[in-house]
Amino acid sequence: MRHTYHSEQWLPYPVDLVFAFFANPENLPRLMPSWQKARIEEASFAPPPPRPTSSQPLRSIAAGPGTRITLSFRPIPYFPLRIPWEAEIDEFVWNSHFADRQLRGPFAYWHHRHTVQQETRASGPGTLLQDEIEYELPLGPFGEITNTLFISPQLRNTFAFRRLRANELLSKMLNVPPSSQK
């Protein structure tokens with residue numbers, strides 16, 4: 001059975017900065033809870049399309065379509081074994097969206113689309129980041145039980161952590177004191 005997970009976060013930063021930050025695979029382990037001890041094991045980069053001329057010049061790598069990344073992580077705290085996860089970027093439009101799909105890993109199916117759009121709120125202009133994940137677990141009925149007990153809660157917790165961490169990392173990149181953010 002296919003499941004979906006949706007997450008939204010508003011960040012008080014320009015779209016091109018937020019997009020470049022999330023399109024840089026080096027930031028992925030930093031956005032995951034530390035107990036997972038996530039690390040990039042291997043990467044084969046494909047270049048992204050040329051940046052739009054309206055974008056600010058940012059010194060950052062971006063994983064274009066065809067990029068393959070193998071990440072490993074611990075699925076639960078203190079678990080001695082690491083799970084490998086190989087993903088490929090299959091969509092990429094600067095300052096709009098990119099998506100990755102699992103090639104090898106713990107899911108029977110996984111597709112994750114990251115979308116950014118400019119949005120002004122009472123505190124000023126910023127970026128709305130949306131994540132849409134479609135996934136399926138292996139093992140039929142046992143996979144459904146696993147989803148209910150572990151996967152769905154872990155996705156919520158991982159994205160709650162990422163919301164805090166993304167704001168922290170972006171503010172450090174820009175040297176903006178956290179107290180000045182609303």
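Contact here means heavy atoms within 4.5 Å.

**Ground rules.** I am working on a predicted model, where local features need pLDDT of at least 70, side-chain atom pairs count only at pLDDT 80 or more, and totals for chains, interfaces and linings use all residues. Residues are numbered from 1 along each chain as its sequence is written, and side-chain values use heavy atoms, with hydrogens and water left out.

**Phe-22.** I started here and listed its partners, leaving out residues up to four places away in sequence: Leu-11, Leu-31, Phe-98, Leu-129, Arg-162 and Ala-166.

**Core.** Next I looked up nonpolar cores, meaning sets of buried Ala, Val, Leu, Ile, Met, Phe, Trp, Tyr and Cys residues joined through side-chain atoms within 4.5 Å; buried is under 20% relative accessible area (1.4 Å probe, protein chains only). The largest one has 21 residues, and Phe-22 is among those with the most contacts inside it, as are Leu-11 and Phe-98. I noted that α1 (15-23), β4 (83-93) and α2 (140-174) each supply at least two residues; α1 gives the largest share, 7 residues. Helices (H or I, at least four residues) and strands (E, at least two) are DSSP runs, numbered from the N terminus. A separate core of 14 residues includes Leu-71 and Ile-133.

**Sheet.** I then traced 7 strands in an open antiparallel sheet, ordered β1-β7-β6-β5-β4-β3-β2; strands pair if DSSP finds at least two bridges between them. At the edges I found β1 (2-11) and β2 (39-44), each pairing on one side only. Between β3 (68-73) and β4 I saw 6 bridges, and Arg-68 stands opposite Glu-88.

Notes:
Buried < 20%, exposed > 50% of the residue type's maximum accessible area, 1.4 Å probe, protein only.
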